[in-house]
Amino acid sequence: MIVRPYGDTRDDGVIQFSFTLPVGYSVKAPDIGKQFLEKLGFHSVAIGECTGIDPSFTFYVAYARTDVGIDPDEVKGDYLEVEVMDYYAINALIEKRLGRKLVVVGAAIESDAHTVGIDAIMNMKGFAGNYGLERYPQMDALNMGSQIPCEQLLRTALERNADAILVSQIVTQKNIHVQNLTKLIELLEAEGVRERFVLVVGGPRINNAFAKELGYDAGFGPRSTPLEVASFLAQEIARRADEA
Ligand code: B12
């Protein structure tokens, strides 16, 4: 069944936009925004907000209609479907299936200085009402912080005999994340240790399909929670134990 955006009435196709154009505010600024949206194929354009935010930039909030729809059943992809468990069930699963602590090493690699994402997943105090991985009694989790060279991350993972490596990549300018993530994969492969680790990457512009394409086992995007990541790790370790 085809669906269209919902604004006021079902299938009316109304979308809210917010965008900035590099033009100074003037009396014709609203029309510049309106005609831009019409060029994109939208109609019934209403400019709600049109404000100069700088001598040479104007910010818009607008509403417009589209006749285009989409059939959700035709959307296919490589999605990560994690059965989210609670903290106690995750610890119990690790204890039962692994019989020891699950060893995790995480870092934001190479030039990336953003720590908040990896902290959210790993730090004891956690994020979004979830404890981070450091809090789990059945996990031995080390958060190495940011700007960690791939070589150092791999050395630490090998020294600690890690089960999983967690990588954070926040900056994507000029595809730097692709270069960094590929470097880690190439290093693991060159050392012949890729298959030893569950390899996970996360960040605001990461998704599972992209992570898989680069050779990772899973990718977590914006608003990921420690419970989702911990559930995935425990289930993946249990799955690998079944296969062994
Ligand atoms: C705080 C911040 C900084 C701080 C970082 C401080 C710190 N200690 O981390 C400072 C000021 C240092 C900084 C610097 C820069 N920043 Co900055 N920064 C931000 C900001 C405002 C917030 C990021 C954040 O903390 N988000 C909160 C966390 C919780 O969200 P998150 O990172 O998405 O993490 C979640 C998920 O993505 C996921 N996740 C993340 N990592 C991982 C890892 C794993 C294993 C898993 C499972 C999940 C996971 O789970 C987390 C929880 O849900 C963003 C803008 C924004 N609003 O997002 C810009 C932003 C990320 N920065 C940006 C840029 C460009 C920079 C600089 C390059 C600026 C400059 N020219 O100097 C430098 C980069 C320096 C470097 N070498 O990396 C851009 C990136 C644009 C892009 N597409 O690449 C952004 C988007 C701002 C912008 N719109 O321009 N930044």
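Which of the 28 residues around the ligand come nearest? Ala113, Val116, Gly117, Ser168 and Gly202 do, where a residue is near a molecule or strand if its C-beta atom, placed from the backbone, lies within 6 Å of it. This is a predicted model, in which local features need pLDDT of at least 70 and side-chain atom pairs count only at pLDDT 80 or more, while totals for chains, interfaces and linings use all residues. Residues are numbered from 1 along each chain as its sequence is written.

**Overall layout**

- The chain holds seven helices and eight strands, with helices (H or I, at least four residues) and strands (E, at least two) taken as DSSP runs and numbered from the N terminus.
- The domain assignment of the chain gives domain 1 (1–76) and domain 2 (87–243), bounds of this kind coming from an automatic or database domain assignment, and the centres of the two domains, taken over C-alpha atoms, are separated by 38 Å.
- The radius of gyration of the chain is 23 Å, whereas a compact globule of 244 residues would have a value near 18 Å; the radius is taken over C-alpha atoms, and the globule rule is 2.2 Å times the number of residues to the power 0.38.
- Along its principal axes, the C-alpha trace of the chain spans about 70 × 40 × 35 Å.

**The three-stranded sheet**

- Three strands form an open sheet in the order β1-β3-β2 with antiparallel pairing, two strands being paired if DSSP finds at least two bridges between them.
- The edge strands of this sheet are β1 (14–21) and β2 (43–54), each of which pairs on one side only, and the twist from one strand to the next averages 15°.
- β2 and β3 (residues 57–65) pair in the antiparallel sense over eight bridges, and cysteine 50 stands opposite tyrosine 60 in β3.
- Helix α1 (residues 29–39) lies across β1, β2 and β3 and runs at about 130° to β2, with axes being lines fitted to C-alpha atoms, for helices over the stretch in contact (C-beta atoms, placed from the backbone, within 7 Å), and angles running from 0 to 180 degrees between N-to-C directions.

**The five-stranded sheet**

- An open sheet with parallel pairing has five strands in the order β5-β4-β6-β7-β8, and its edge strands, β5 (139–143) and β8 (218–220), each pair on one side only.
- Neighbouring strands of this sheet are turned by 20° against each other on average, direction ignored.
- β6 and β7 pair in the parallel sense over five bridges, and serine 168 stands opposite glycine 202 in β7.
- Helix α4 (residues 150–159) packs on the sheet, touching β4 (102–108) and β6, and its direction makes about 170° with that of β4.

**The shell around the ligand**

- α3 (116–122), β6 (164–168) and β7 (198–202) each supply at least two residues of the shell, and α3 gives the most, with five residues.
- By class, the shell has 15 nonpolar, 11 polar and two charged residues, where Ala, Val, Leu, Ile, Met, Phe, Trp, Tyr, Cys and Pro count as nonpolar, Asp, Glu, Lys and Arg as charged, and the others, Gly among them, as polar.

Technical notes:
Contact = placed C-beta atoms within 7 Å.
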